[in-house]
Amino acid sequence: MNRRTLASLPVSELRGKRVLLRVDFNVPLDGGMNVTDDTRIRATLPTLRLLADAGARVVVISHLGRPKGERLPKYSLRPAAERLAELLDVQVDFVGETVGAQMEAAVRELRDGDVVVLENTRFLAGEEDNDPALAEALAGVADLYVNDAFGAAHRAHASTAGVAEAVRARGGSAVAGLLMARELAFLGGALDRPERPFVAVLGGAKISGKLDVIDALLPKTDRLLIGGAMANTFFRAMGLETGRSLVEEDRVELARRLVQEAGDRLLLPRDVRVAPALAEGAEVDVVARDSIPPDRMALDIGPATVRTFAAQIARARTVLWNGPLGVFETPAFAEGTRGVAEAVANATDTGATTIVGGGDSAAAVAELGLSDRVTHVSTGGGASLEFLEGRTLPGVAALDPADA
Ligand code: ADP
Ligand code: MG
């Protein structure tokens, strides 16, 4: 789906324009209302700098947490606005309301290049209901709507969907910001025209949440490598003993069908790390996949599998990775994820396009200090999964078509 982008607009036309910028500032806050991870704020800086440098008057909106239409102070966007002010070398103000007279006055007072952050869109019930009145109130302060919130694009909310339509109805444009465009280019590029070999790596806890991704990716990839707890359900489908491992009984049939359809394109772990329980200090063994003891659970892929997966990744020209290969939060079961992350980083160094999607996978890569050695780490968790499933994201569909 090709959408009009901010980069395609002449910079000279932005001066003095009121730009309503939807970002994903859904950042974690600690008890003292400090932003504990500003990755999402930093990810929007290129768009914010472009707009401020061009002399636009920028009105930033975002959701944070799940206040469900209630004004809950612990979900205020003020700390995010303060963090943004530190990162951005321009005037950043915060207004303690999302729509209303105070917000409208603040927008009127903006000078060219100023930035104002409004209060959490989800403090208003109309946000998640995609209420036309809220969309209209937001559109009222916008000559141009820019959506950079890829992480919220799978939701049809007032600030992601309705507002785009409302701005257009008033004669304005609705375009993708630089981050949104980058997400769509990398994730869409991998799906539509990957440089081959194209290798996908899938892990994580549940096969059920990722089934549609497997289905969508299987015909497109040259190799699909599967690890994490998902692999156990495939083991069961192959008639193997899985001990006390996490298995989704109701997906075993489906796993069997996938194994048959995929043939040798689907690679499952050859060996696994097992323990009697998920605990640091538990007795850990490496066993072949057909030798999982009945009283053990598989909690990571084994070293032979890491070598096989790394060799596949080394040959790839495009790598798409979603989902940790083991319970990486516990150091004893982080080796598989580390091995794959290092293989992905090495592939990037030798010119492959590497893409990591998924909240936990991105966290694992960041923890290993390898984020800079991945071509693109997606900022969207649920949104990137839905995109990879081939679904239309409402926040993307709402933007102007590329040829408008
Ligand atoms: P992402 O957020 O990257 O999409 P998921 O949310 O699907 O990833 O899965 C991440 C979780 O999967 C992690 O919390 C990890 O502990 C868990 N996990 C991975 N392998 C296993 C396993 N073998 N057994 C149980 N849980 C696992
Ligand atoms: Mg997750």
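Helix H14 contributes three residues to the shell around ligand 1, the largest share. The model described here is a predicted one. Helix H14 (359-367) and strand E12 (297-301) each supply at least two residues of this shell. Of the 17 residues around the ligand, those that come nearest are Ala205, Lys210, Glu329, Asp360 and Ser361. By class, the shell has eight polar, six nonpolar and three charged residues.

Several polar atoms of the protein face the ligand. The side chain of Lys210 places an N or O atom 2.7 Å from an oxygen atom of ligand 1. A polar backbone atom of Asp360 is 2.8 Å from an oxygen atom of ligand 1, and a backbone N or O atom of Ala298 lies 3.2 Å from a nitrogen atom of the ligand. Taken alone, ligand 1 exposes 580 Å², of which the protein buries 82%.

Attention now turns to charged side chains. Side chains of opposite charge can pair when their charged atoms come close. The count of salt bridges comes to 28. In one of them, Asp143 pairs with Arg18, with the closest N and O atoms 3.0 Å apart. Asp143 lies in the loop between helix H6 and strand E5, and Arg18 in strand E1, so the pair ties together parts that are 125 residues apart in sequence.

A salt bridge also joins Asp400 and Arg168, at 2.4 Å from N to O. Asp400 lies in the segment after helix H16 and Arg168 in helix H7, 232 residues apart. Asp400 is buried, at 3% relative accessible area, whereas Arg168 is partly exposed, at 26%. Through shared partners, salt bridges join Arg4, Glu165, Arg168 and Asp400 into one network.

Notes
Residues numbered from 1 in each chain as written. Chains lettered and ligands numbered in written order. Predicted model: local features only at pLDDT ≥ 70, side-chain atom pairs only at ≥ 80, totals over all residues. Heavy atoms only, no water. Near = heavy atom within 4 Å. Polar contact = N/O pair within 3.5 Å; in protein donor to acceptor, adjacent residues only side chain to side chain. Areas by Shrake-Rupley, 256 points an atom, 1.4 Å probe, with all protein chains shown as cover. Helix = DSSP H or I, 4+ residues; strand = E, 2+ residues; numbered from the N terminus. Nonpolar A, V, L, I, M, F, W, Y, C, P; charged D, E, K, R; others polar. Salt bridge = Lys/Arg side-chain N within 4 Å of Asp/Glu carboxyl O. Buried < 20%, exposed > 50% of the residue type's maximum accessible area, 1.4 Å probe, protein only.
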